[in-house]
Amino acid sequence: MLIPALNEAETLPLVLQAIPRALVRDVYVIDNGSTDDTARVAVQGGAQLLEEPQRGYGAACLRGVQHVERLAAPPDVVVFLDADFADDPAELGWLIEPLRARAADLVIGSRILGEREPGSLSLQQRLGNRVAVTMMRVIYGQRYTDLGPFRAIRLPALVALGMHDTGYGWTVEMQVKAAKTGLRVVEVPVSYRKRAGGSSKISSTVKGTVGASYKILYTILRHATTR
Ligand SMILES: Nc1nc2c(ncn2[C@@H]2O[C@H](COP(=O)(O)OP(=O)(O)O)[C@@H](O)[C@H]2O)c(=O)[nH]1
Ligand SMILES: [Mg+2]
């Protein structure tokens, strides 16, 4: 399991405690240059610590993937989970079930299909999601309902996608490339609550929202022209 974290010392312990450890071999926290106690609480909570000095959600995820890929015994499946305790790690079983059953290569936890705490997804997030999934359906013929961060993928399939995005285009890049290369994709409902520690670094600010929206649309369209 890979958990990118930037200054999430408040919520990371809750996340780590809630992970059903029987289902997970290793938990890695990728510290993305935190200035708080993130690194310490990660280790205290039983996770292994990786450091990624380059800022960005995708940079942290890529670092984690490169690490597990090079292990002597790489895992079959990689799960991504945010450190802000907005997702419920206890729902991991539902997420990996389709992979276990060999019925999917990529499983997206959909917050749209699941139970959302009021206010956990802002209006602009829901609208942005809607635009992005509609574009992916029209351009790539793949039905998604969400770009949720809680997701599981077979490691060989992930490596074959050749992920590059170092920022918030990471989740949509994975989905676009999965659709283009014909991975078997399944969505499962996941619940979502308001992040506990402070406010979101992206969706609660105008700059973050505009930047992420632009990046998401750009990613969808760029891959359309390199079909
Ligand atoms: N904003 C930001 N988040 C990062 C970075 N690296 C890792 N993260 C983690 O990415 C996750 C998602 O960030 P969050 O602020 O909740 O964004 P949102 O859920 O999209 O509004 C959290 O677990 C962050 O700690 C980074 O460089 N920038
Ligand atoms: Mg969040």
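Modeller: Val-210 counts as exposed because it has 11 C-beta neighbours inside 10 Å; the limits are 12 or fewer other C-beta atoms within 10 Å for exposed, 20 or more for buried, and partly exposed in between, with C-beta atoms placed from the backbone. This is a predicted model, in which local features need pLDDT of at least 70 and side-chain atom pairs count only at pLDDT 80 or more, while totals for chains, interfaces and linings use all residues. Residues are numbered from 1 along each chain as its sequence is written, and chains are lettered from A and ligands numbered from 1 in the order in which they are written.

Val-210 belongs to helix H8 (residues 206-225); helices (H or I, at least four residues) and strands (E, at least two) are DSSP runs numbered from the N terminus. Gln-124 is 86 residues from Val-210 in sequence, yet their C-alpha atoms are 9.5 Å apart.

Val-188, in strand S7 (residues 185-189), counts as buried because it has 22 C-beta neighbours inside 10 Å. Beyond its neighbours within four places in sequence, Val-188 is in contact with Trp-94, Leu-95, Val-107, Gly-109 and Ser-110, contact being C-beta atoms, placed from the backbone, within 7 Å.

Strand S1 (2-5) and helix H3 (57-69) each supply at least two residues of the shell around ligand 1. That shell has 17 residues, with Asn-32, Ala-83, Ser-200, Lys-201 and Ser-203 the closest; a residue is near a molecule if its C-beta atom, placed from the backbone, lies within 6 Å of it.

In S1, Leu-2 and Pro-4 point one way, Ile-3 and Ala-5 the other, and all are buried. Four bridges join S1 to S2 in parallel, at least two DSSP bridges being needed for strands to pair. The partner of Ile-3 in S2 is Val-29.

The 13 residues of H3 should span 18 Å at 1.5 Å a residue, and its end C-alpha atoms, 19 Å apart, agree with this; the expected span is 1.5 Å times one less than the number of residues. Among the buried residues of H3 are Tyr-57, Ala-60, Leu-62 and Val-68. Their cover includes S1, strand S2 (28-31), strand S4 (77-80) and helix H7 (170-180).

Conventions. Two residues are in contact if their C-beta atoms, placed from the backbone, lie within 7 Å.
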